[in-house]
Amino acid sequence: MSGRWTRALGILAIGLILVVCYGCVTRNLPVWEIVALGIIAAIGVVAWTALTVTKAVRERGPAQATATAYLDALVAAEFAVAYELLTEQRRQASDLPTFSDLHSGGQRLTGYSVEGTTIVGPGQPRAEVLAQARFVDGEVAPLQLLLIRQADGQWRVAEGRTGARW
């Protein structure tokens, strides 16, 4: 079910809940109508919740795969590969030589471990990937990547933060 239909289902369920509450407070609805509308609203809320959670779980895998590919490329010093996994806005803000300089030398990533991926919504899907990063100087620091799903359906890295490093 598309996002539009999922949203419509949620709005319908909330509307029915409001009708049920209004009917209870004003006693304008017979009890059987209140019960029937309440059951339909409850089914709608359960369906909306299930669809929303299913979508988030389905999105998490591809988002984490992109983050892993990006971090693997940085560890392997394949900066052109990592650069291609950035969003278009991020690539426009920095060229490949600047990006390569930023992630090499004392800033070079030598390893990482992903701790979790969270899908954030509604609206344009975003993912936050939390990891522990190991650098060439032996320092270990928390790393947070923000990924955005692009119009073509692909996840791209929009931002990476780890203390004062990047």
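**Figure 1. A pair of alanines in strands E2 and E3.** Alanine 133 stands opposite alanine 141, which belongs to E3. The model shown here and in the other views is predicted. Strand E2 covers residues 126-135 and strand E3 covers residues 140-149; nine bridges pair them in the antiparallel sense. Another pair between these strands involves arginine 134, whose bridge partner in E3 is valine 140. Four residues lie between E2 and E3, and the two strands form a hairpin. In the turn of this hairpin, glycine 138 has a positive phi of about 90°.

**Figure 2. The two faces of strand E2.** In a regular strand, side chains alternate between the two faces of the sheet. The covered face of E2 carries Ala127, Val129, Ala131, Ala133 and Phe135. Its uncovered face carries Arg126, Glu128, Leu130, Gln132 and Arg134. Gln132 also takes part in the pairing with another strand: glutamine 132 in E2 is the bridge partner of serine 113. E1 and E2 run antiparallel and are joined by ten bridges.

**Figure 3. The four-stranded sheet.** The strands form an open sheet in the order E1-E2-E3-E4, and their pairing is antiparallel. At the edges are strand E1 (109-120) and strand E4 (155-161), each of which pairs on one side only. On average, neighbouring strands of this sheet are turned by 25° against each other, with direction ignored.

**Figure 4. The whole chain.** The protein contains five helices and four strands. Read from the N terminus, the elements follow the pattern α-α-α-α-α-β-β-β-β. Of the 166 residues in the protein, 30% are buried. Its accessible surface comes to about 9800 Å², and carbon and sulfur atoms account for 62% of that surface. Among contacts with a separation of 6 or more, 48% join residues 24 or more positions apart.

**Figure 5. The largest nonpolar core.** Which residues have the most contacts inside the largest nonpolar core? They are Tyr70, Leu71, Leu74, Phe99, Leu145 and Leu147, in a core of 25 residues. At least two residues of this core come from each of helix H2 (31-75), helix H3 (79-84), E1, E2, E3 and E4. H2 gives the largest share, six residues.

**Figure 6. The surroundings of tyrosine 70.** Leaving aside residues up to four places away in sequence, tyrosine 70 touches Ala82, Leu85, Leu86, Phe99, His103, Leu145 and Val157. Two of these neighbours, Phe99 and Leu145, are listed with Tyr70 among the residues that have the most contacts inside the largest nonpolar core.

Figure 7. Glycine 10 lies 37 residues from alanine 47 in sequence, and the C-alpha atoms of the two are 8.6 Å apart in space.

**Figure 8. A salt bridge in helix H4.** The structure holds two salt bridges. One of them joins the side chains of glutamate 88 and arginine 91, with 2.7 Å from N to O. Both residues, glutamate 88 and arginine 91, lie in helix H4 (residues 88-93). They are three residues apart, which is about one turn of the helix. Glutamate 88 is partly exposed, since its relative accessible area is 40%.

**Figure 9. A salt bridge between glutamate 159 and arginine 161.** The side chains of glutamate 159 and arginine 161 meet at 2.6 Å, N to O. Glutamate 159 has a relative accessibility of 30% and therefore counts as partly exposed. Arginine 161 is also partly exposed, with a relative accessible area of 43%.

**Figure 10. Alanine 77 between two helices.** Alanine 77 sits in the loop between H2 and H3. Most residues other than glycine have a negative phi. Alanine 77 is not a glycine, yet its phi is positive, at about 60°. With a relative accessible area of 34%, alanine 77 is partly exposed.

How values were computed: Residues are numbered from 1 along each chain as its sequence is written. This is a predicted model: local features need pLDDT of at least 70, side-chain atom pairs count only at pLDDT 80 or more; totals for chains, interfaces and linings use all residues. Side-chain values use heavy atoms; hydrogens and water are left out. Two strands pair if DSSP finds at least two bridges between them. Axes are lines fitted to C-alpha atoms, for helices over the stretch in contact, and angles run from 0 to 180 degrees between N-to-C directions. A nonpolar core is a set of buried Ala, Val, Leu, Ile, Met, Phe, Trp, Tyr and Cys residues joined through side-chain atoms within 4.5 Å. Buried means under 20% relative accessible area, exposed over 50%, partly exposed in between (1.4 Å probe, protein chains only). Contact means heavy atoms within 4.5 Å. Accessible areas come from the Shrake-Rupley method with a 1.4 Å probe; for residues, only the protein chains shown count as cover. A salt bridge is a side-chain nitrogen of Lys or Arg within 4 Å of a carboxyl oxygen of Asp or Glu.
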